[in-house]
Amino acid sequence: MLQAARNAVHDARRIAVLTGAGVSAESGIPTFRSNGGFWRNNRFEDLATPQGFARDPLFAWQWYEERRRGIAAAQPSAGHAALVELEKRLAEFTLITQNVDGLHDRAGSKNIVKLHGDIWTVRCLACGVERTEHGELTELPPRCACGGLLRPGVVWFGEQLPEGAIERAITAVQTSDAFIVAGTSAQVYPAASLIPLALESGAQVIEINPETTDFSGEVAFSLRGNSAVILPQLL
Ligand code: OAD
């Protein structure tokens with residue numbers, strides 16, 4: 001199975017990749033739905049919805065700031081590095097990620113579509129200005145120069161994705177010869193809808209996950225294992 005998947009990657013001229021929290025698991029960052037995942041121990045309603053944030057922005061910000069600290073201390077894994085290497089080999093390569101941690105950027109990936117935003121950006125709820133904010137925030141909840149409340153630049157449940165992101169992802173998937181899906185439970189839409197789209201478009205779909213997902217039975221190659229091990233093996 002691995003050798004056949006390697007051949008599919010080798011033969012492909014255009015590759016799209018979809019990553020999820022599992023790709024950052026080996027960097028020490030918890031996933032959302034696996035054992036020890038964020039949504040196993042926290043109420044997403046309080047931390048990842050506009051209504052929860054409006055009720056208690058300090059509580060939400062304390063959680064985001066703790067996540068930001070954990071991510072800042074983490075390093076990209078061999079899985080992130082393998083995707084950088086793959087991009088260098090191909091004229092057309094798109095990395096579609098649900099991750100907000102920025103580890104793909106830090107590893108060196110270039111053509112990234114961030115479906116769920118970026119935890120290193122903040123946006124003002126009053127004036128709408130958005131900026132990158134690395135390093136520790138001095139005041140929680142943080143405020144804009146205009147006095148408005150700042151929110152994390154990530155997509156919450158029930159919100160639209162960043163402008164143009166899903167369109168870019170759809171085009172990349174529809175034009176790809178191979179579509180690699182790594183480290184996602186494929187339960188959050190519209191990200192997960194890219195998998196049936198790839199199947200319909202005739203791409204060779206390769207899934208990498210230690211667990212099965214709803215799509216494991218439909219994809220060409222369902223590789224059971226950790227992405228930091230399997231992604232380098234695919235190249
Ligand atoms: P999930 O936590 O739902 O799924 C993580 C997946 O990674 C699971 O299927 C695990 O089996 C798999 N996994 C765990 N360790 C792995 C490893 N070392 N290598 C490969 N796979 C591994 O995370 P996502 O699918 O990314 O939304 O969740 C999607 C969205 O739900 C997130 O982007 C987040 C969350 O609410 C926002 O932040 C907007």
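Biologist: In this predicted model, how many of the five residues of strand β7 (residues 178-182) are buried?
Modeller: Buried here means under 20% relative accessible area. By that criterion the strand is largely enclosed by the rest of the structure, because the number of its five residues that are buried is five.

Biologist: Which residues of β7 lie on one side of the strand, and which on the other?
Modeller: Both faces of β7 are covered, and the residues on each of them are buried.

Biologist: Which residue of β7 does A16 stand opposite?
Modeller: Strand β1 (residues 14-19) runs parallel to β7, and five bridges join the two strands. Within this pairing, the residue of β7 that stands opposite A16 is F179.

Biologist: Which residue in β8 stands opposite I180?
Modeller: Strand β8 (residues 204-208) pairs with β7 over five bridges, again in the parallel sense. With helix α10 (residues 194-201), these two strands make a right-handed β-α-β unit. The residue of β8 that stands opposite I180 is I206.

Biologist: What does helix α6 (residues 57-73) reach from its first C-alpha to its last?
Modeller: The helix has 17 residues, and its span is close to the 24 Å expected at 1.5 Å a residue. From the first C-alpha to the last, α6 reaches 24 Å.

Biologist: What covers the buried residues of α6?
Modeller: The buried residues of this helix include W61, W63, Y64 and I71, and also E65, R67 and R68. Among the elements that cover the buried residues of α6 are α3 (38-41), α4 (44-47), α5 (50-55), α8 (103-107), β4 (117-124) and β6 (150-154).

Methods
Residues numbered from 1 in each chain as written. Predicted model: local features only at pLDDT ≥ 70, side-chain atom pairs only at ≥ 80, totals over all residues. Heavy atoms only, no water. Helix = DSSP H or I, 4+ residues; strand = E, 2+ residues; numbered from the N terminus. Expected span 1.5 Å × (residues − 1). Buried < 20%, exposed > 50% of the residue type's maximum accessible area, 1.4 Å probe, protein only. Contact = heavy atoms within 4.5 Å. Pairing = 2+ DSSP bridges. Right-handed = clockwise from strand over helix to strand, strands pointing away.
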